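This briefing gathers what can be said about the structure shown below, grouped by topic for a reader who has the coordinates at hand.

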Amino acid sequence: MAKKDGGDVGPALVGFAAGIAAEFVMRKALNFAWTRVTGEEPPTDLESPDVSLGRALSWAVMAGVGVEVARVLAVRAARAKLVGAGPKELEV
């Protein structure tokens, strides 16, 4: 099965798997870091009135940015290894 642009589906699957793995690892690392820094487990129910707004927002921003950065880097690295480095930069 090929993608619409005629490309191979292999790099997409490898990228997807790398993204899932990176998200899992980063979430574990963030949970560990949050616990070490604050001395408490990270909030699990951000909508609960028992969790302060500052704590909920801090965790949401840290987890969101951290997981997405890890996922993007993992997908790009996996695809680069699989299909090559990609288009070369234009020299000025």
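This is a predicted model: local features need pLDDT of at least 70, side-chain atom pairs count only at pLDDT 80 or more; totals for chains, interfaces and linings use all residues.

**Salt bridges**

The side chains of Glu-68 and Arg-71 meet in a salt bridge, with an N to O distance of 2.7 Å.

- Glu-68 and Arg-71 both belong to helix H2, where they are three residues apart, or about one turn of the helix.
- Glu-68 counts as partly exposed because its relative accessibility is 38%, and Arg-71 likewise counts as partly exposed, at 31% relative accessibility.
- The count of salt bridges in the model comes to two.
- Arg-55 forms a salt bridge with Glu-40, and the closest N and O atoms of this pair are 3.3 Å apart.
- Since Arg-55 lies in helix H2 and Glu-40 in the loop between H1 and H2, the pair ties together parts that are 15 residues apart in sequence.
- Arg-55 is partly exposed, its relative accessible area being 23%.

**The loop between the helices**

- Glu-40 is placed in the loop that runs between helix H1 (10-38) and helix H2 (53-83), and with a relative accessible area of 43% this residue is partly exposed.
- When residues up to four places away in sequence are not counted, Glu-40 touches Trp-34, Thr-35 and Arg-55; with Arg-55, the side chain of Glu-40 also makes a polar contact of 3.3 Å.
- Asp-45 has its place in the loop between H1 and H2 as well, and is partly exposed, with a relative accessible area of 41%.
- Asp-45 and Ala-56 are eleven residues apart along the chain, and their C-alpha atoms are separated by 8.5 Å.
- The side chain of Ser-48 reaches the backbone nitrogen of Asp-50, at a distance of 3.1 Å.

**The nonpolar core**

- In soluble globular proteins, nonpolar side chains tend to be buried together.
- In this model, the largest nonpolar core has five residues, namely Leu-30, Trp-34, Trp-59, Ala-63 and Val-67.
- H1 and H2 are the elements that give two or more residues to this core, and the largest share, three residues, comes from H2.
- Leu-30 touches Trp-59, Met-62, Ala-63, Gly-66 and Val-67, once residues up to four places away in sequence are set aside.
- Met-62, whose place is in helix H2, touches Leu-30 and Trp-34, again without counting residues up to four places away in sequence.
- Met-62 and Trp-34 are 28 residues apart in sequence, while the distance between them in space is 9.4 Å, C-alpha to C-alpha.

**The surface and the chain as a whole**

- Val-61, Val-65, Val-69 and Leu-73 make a nonpolar surface patch of about 370 Å².
- Val-65, one of the residues in this patch, is found in helix H2 and is exposed, because its relative accessible area of 52% is over the 50% limit for that class.
- The chain exposes about 7,200 Å², of which carbon and sulfur atoms supply 64%.
- Of the 92 residues in the chain, buried residues make up 21%.
- Among the contacts in the chain with a separation of 6 or more, 59% are accounted for by residues 24 or more positions apart.

Technical notes. Residues are numbered from 1 along each chain as its sequence is written. Side-chain values use heavy atoms; hydrogens and water are left out. Helices (H or I, at least four residues) and strands (E, at least two) are DSSP runs, numbered from the N terminus. Buried means under 20% relative accessible area, exposed over 50%, partly exposed in between (1.4 Å probe, protein chains only). Contact means heavy atoms within 4.5 Å. A polar contact is a pair of N or O atoms within 3.5 Å; within protein, one must be able to donate a hydrogen and the other to accept it, and residues adjacent in sequence count only if both atoms are side-chain atoms. Accessible areas come from the Shrake-Rupley method with a 1.4 Å probe; for residues, only the protein chains shown count as cover. A salt bridge is a side-chain nitrogen of Lys or Arg within 4 Å of a carboxyl oxygen of Asp or Glu. Patches are made of residues with over 30% relative accessible area and no salt bridge: like charges are joined within 9 Å, nonpolar side chains (Val, Leu, Ile, Met, Phe, Trp, Tyr) within 5 Å. A nonpolar core is a set of buried Ala, Val, Leu, Ile, Met, Phe, Trp, Tyr and Cys residues joined through side-chain atoms within 4.5 Å.
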